[in-house]
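This briefing is meant to be read alongside the coordinates. Please keep the sequence and the three-dimensional view open while going through the points.

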Amino acid sequence: MDLAGAGWFIMTVVGPLVLAGVLLWVLLRNRKRTPREDERTEQATRDLYREEDRAHRGENEDVP
């Protein structure tokens with residue numbers, strides 16, 4: 001029995017269907033962020049940039 005046809009079927013049909021399913025799951029999962037989570041992310045980004053600026057200028061982190 002030749003299974004080359006089955007392998008080709010899996011690669012061309014099943015593979016893209018699995019990939020599409022995973023991409024759809026990721027998109028739906030990541031859209032459920034609340035405004036509070038968005039603000040938390042934005043604040044963390046601002047804090048990180050501020051720390052990097054201080055480190056680049058050689059400032060002490062205790063100084064506002």
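The model is predicted, and its protein chain has two helices and zero strands. Of the 64 residues in the protein chain, buried residues make up 2%.

**Helix 1**
- Helix 1, which covers residues 4–30, has 27 residues and reaches 38 Å from its first C-alpha to its last, close to the 39 Å expected at 1.5 Å a residue.
- A bend of about 35 degrees is found in helix 1 at Ile10.

**Surface**
- The protein chain exposes about 6300 Å², and carbon and sulfur atoms supply 61% of that area.
- A nonpolar surface patch of about 820 Å² is made by Phe9, Ile10, Val13, Val14, Leu17, Val18, Val22, Trp25 and Val26; of these residues, Ile10 is also where helix 1 bends, and Val18 is found in helix 1.

**Salt bridges**
- The count comes to two salt bridges.
- In one of them, Arg46 pairs with Glu39, the closest N and O atoms being 2.8 Å apart; Arg46 is partly exposed, with a relative accessible area of 36%, and Glu39 is also partly exposed, at 43%.
- Asp47 forms a salt bridge with Arg50, with the closest N and O atoms 3.0 Å apart, and because the two lie three residues apart in helix 2 (residues 35–57), Asp47 and Arg50 are separated by about one helical turn.
- Asp47 counts as partly exposed at 30% relative accessibility, as does Arg50 at 39%.

Note on methods
Residues numbered from 1 in each chain as written. Predicted model: local features only at pLDDT ≥ 70, side-chain atom pairs only at ≥ 80, totals over all residues. Heavy atoms only, no water. Patch = residues over 30% accessible without salt bridge, like charges linked within 9 Å, V, L, I, M, F, W, Y side chains within 5 Å. Areas by Shrake-Rupley, 256 points an atom, 1.4 Å probe, with all protein chains shown as cover. Salt bridge = Lys/Arg side-chain N within 4 Å of Asp/Glu carboxyl O. Helix = DSSP H or I, 4+ residues; strand = E, 2+ residues; numbered from the N terminus. Expected span 1.5 Å × (residues − 1). Bend = angle between axes of the 7 residues up to and from the residue. Buried < 20%, exposed > 50% of the residue type's maximum accessible area, 1.4 Å probe, protein only.
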